[in-house]
Amino acid sequence: MSTPSRTDTATAAAAVAATNAPDRGHDHNENEGHGHVEVDGVLLSAELVEGPSVASHDVAEYALWLGDDSLVLAQQLGWWISRAPELEEDIALGNIALDLIGHARSLLHYAGAESNRTEDDLAYWRTEPSWRSAHLFEQPNGDFAHTIARQFIAANYLFELYSRLADSADATLAAIAAKAVKEVDYHRDHAAQWVLRLALGTEESRARMICGLGDLWPFVDELFVDEPLIDRLDGVAVRPSTLRAPATDAMAPVLREAELNEPRGFISSGGGRRGDHSENLGPLLAEMQVLARAHPGASW
Amino acid sequence: MTIPPVPYDIAPRPAAGTSPEEQQFNDLIAADSRIEPRDWMPEAYRKTLVRQISQHAHSEIIGMQPEGNWITRAPSLKRKAILLAKVQDEAGHGLYLYSAAQTLGITRDEMTDALIAGKARYSSIFNYPSPTWADMGSIGWLVDGAAICNQVPLCRASYGPYGRAMVRICKEESFHQRQGFEILLELMNGTDEQRAMAQESVNRWYWPALQMFGPPDDDSPNSAQSMKWNIKRFSNDELRQRFVGMLVPQAEVLGVTLPDPDLRWNEEKGVYDMGEIDWTEFHEVLQGRGPANARRLQRRRDAHEAGRWVREAAAAYARKQAAKLTETAVA
Ligand SMILES: [Fe+2]
Ligand SMILES: [Fe+2]
């Protein structure tokens, strides 16, 4: 979660409403009258992990893989805010998107240092072939079940990845991963809860969950493909193929409890790490980059 | 709860026929104490609060749309993160406020249904569109700014859950206003195009923001009673005046012009003289004839309808889980 104040929103709302006793904790503020309001500004920059080092070309490329995955996923999840099935989900999906933007910013910042580019240079001024996101993250939101299926796979993959990357020989990647893994753990839990609710809820929700999982599963394989880059980053990067078993094992009990089978159908050939993307990335980037590109050199 | 002693000279004399609970309510109000959900309260007080709190909650929810509109296009990752956090805060505000209203015996479903049916009101300001990025600045600076002026006194509203919700909300609103101000400041320090974008946006939002305080005092029928009940602490015009007093120096720092040629400091009265507010426009938008009323409601309705099967699934799952628990308990 991004900040404690956001973590406990639902609990806080309940507390505000349920208590029949004056909330002593707030008397102090109330008595200050209307002249002064405490500033609860979230210093988002404090959320970012910035290492002292500059990544080598290969490490920068690897950071780009991970940063692009997170940014593309965050960009998709941002759409849900004000459109989620219930208010609590506007907040939860917003939280997850915020965490992912945080990871993306740290990773892109690190990736860009080598070529003297900022996180925004990388986010707003690269065209499609220079992106390194895997196809899973590029898949559209679909209905809520598709979004949950994508979250379920993504969060389980990212959790296994960051748990291991926290031991990377690269101190910056290790620090970013150590922070990210705690947040992704929550994303994993959020997704698992919804897989269960949808799969075991109503007939309609079950049908939709099965459909969503089936539509997203073809993009699982690409996550575990070892590209030549990985051979050059021994001890620094996590070898994707080593993540297949733990990620699958982590998803299995949830699928079992949800009475869902691991879908067996198409397997997408992927190619995102080499710049070959799904058809969804182009429009996503067009929307994300439109304003920045209309004002070259401007700062915001 | 214990009733603080009331000095006899300010305690209202019991009117003939006042019941003991009503007297207790009057005493609490006279002592500027809090009314809590289980306390007796006049039906009109309850109704006023349900109306005000639910309208306030709806405003937070509908208010997510004009800014949500720019999350995917925010021009830097930092701005994207801040905007996302801001819009998400508004969802939290809606949640606190719905919860506060629920303590008065109305359900969230009832409130949502009224909103979607077009029967409930929300702040008219959100019926204006947000065509440019600078609108993210103007909304934060002017709309959240006006909300702060309106809401800080509400932290002392006599109804406990409402006042406490407002305390939490106000803390976040000041961050919202500041991020809006920063967006405009960055634009005003930027290129000619960016400066023009900022000024154009402030021109559009300034007058609707002033209207957020409601009609002038002599045309505000419910205000007097709300003030007697310690729900409202300052009149619409007082709050508007306070807001403009806050804006003028900030506009100077920004270098934007507030679009009111008649705005000037009145030394004698110690307040700003302002130009005439277009109350015809205010009433038009209130009556559903603003630029975006239909779109705002449609989006809320679409999201609500599209999410129905999800809410039903969650409810069904919860029921099954509860049944399982009882089974195990019995076994
Ligand atoms: Fe708010
Ligand atoms: Fe706000």
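Donors are N, O and S atoms within 2.8 Å of the metal, and water is not among the atoms, so sites may look incomplete. All views show a predicted model.

View 1. Because B:Glu60 belongs to helix H2 (residues 43–62) of chain B and B:His93 to helix H4 (residues 77–102) of chain B, the pair ties together parts that are 33 residues apart in sequence. B:Glu60 is buried, with a relative accessible area of 6%, and B:His93 is buried, with a value of 0%.

View 2. The protein donors of the iron ion (ligand 2) are B:Glu90 (OE), B:Asp144 (OD), B:Glu173 (OE) and B:His176 (ND1), which lie 1.9 to 2.2 Å from the ion. The 4 donor atoms around the iron ion (ligand 2) subtend angles of 84 to 163°, and the arrangement is therefore irregular. B:Asp144, in helix H6 (residues 134–151) of chain B, and B:His176, in helix H7 (residues 160–188) of chain B, link distant parts of the chain, 32 residues apart. Both ends of this pair are buried, B:Asp144 with a relative accessible area of 4% and B:His176 with one of 0%.

**View 3. Cysteines of chain B without a disulfide.** The count of disulfides over all chains is 0, a disulfide being a pair of cysteine sulfur atoms within 2.5 Å. The sulfur of B:Cys149 is 10 Å from the closest cysteine sulfur, that of B:Cys170, and is therefore too far for a bond. B:Cys155 is likewise in no disulfide, with the nearest cysteine sulfur, again that of B:Cys170, 3.7 Å away. B:Cys149 is buried, with a relative accessible area of 8%, and B:Cys155 is buried, with one of 9%.

**View 4. The largest pocket and its lining.** The largest pocket has a volume of about 1,300 Å³. Its lining comprises 48 residues, of which B:Gln55, B:Asn150, B:Met212, B:Phe213 and B:Gly214 lie nearest the centre of the pocket. The lining divides into 22 nonpolar, 16 polar and 10 charged residues.

Notes: Residues numbered from 1 in each chain as written. Chains lettered and ligands numbered in written order. Predicted model: local features only at pLDDT ≥ 70, side-chain atom pairs only at ≥ 80, totals over all residues. Heavy atoms only, no water. 1 Å grid on protein atoms, 1.4 Å probe; cavity = no way out; pocket = protein on both sides within 12 Å on 5 of 7 lines; lining within 4 Å. Points joined across faces, edges and corners; volume = space filled by probe spheres on them. Nonpolar A, V, L, I, M, F, W, Y, C, P; charged D, E, K, R; others polar. Helix = DSSP H or I, 4+ residues; strand = E, 2+ residues; numbered from the N terminus. Buried < 20%, exposed > 50% of the residue type's maximum accessible area, 1.4 Å probe, protein only. Donors = N, O, S within 2.8 Å, 3.2 Å for Na, K, Ca; no water. Tetrahedral: all angles 85-135°; square planar, octahedral: opposite > 155°, others 65-115°.
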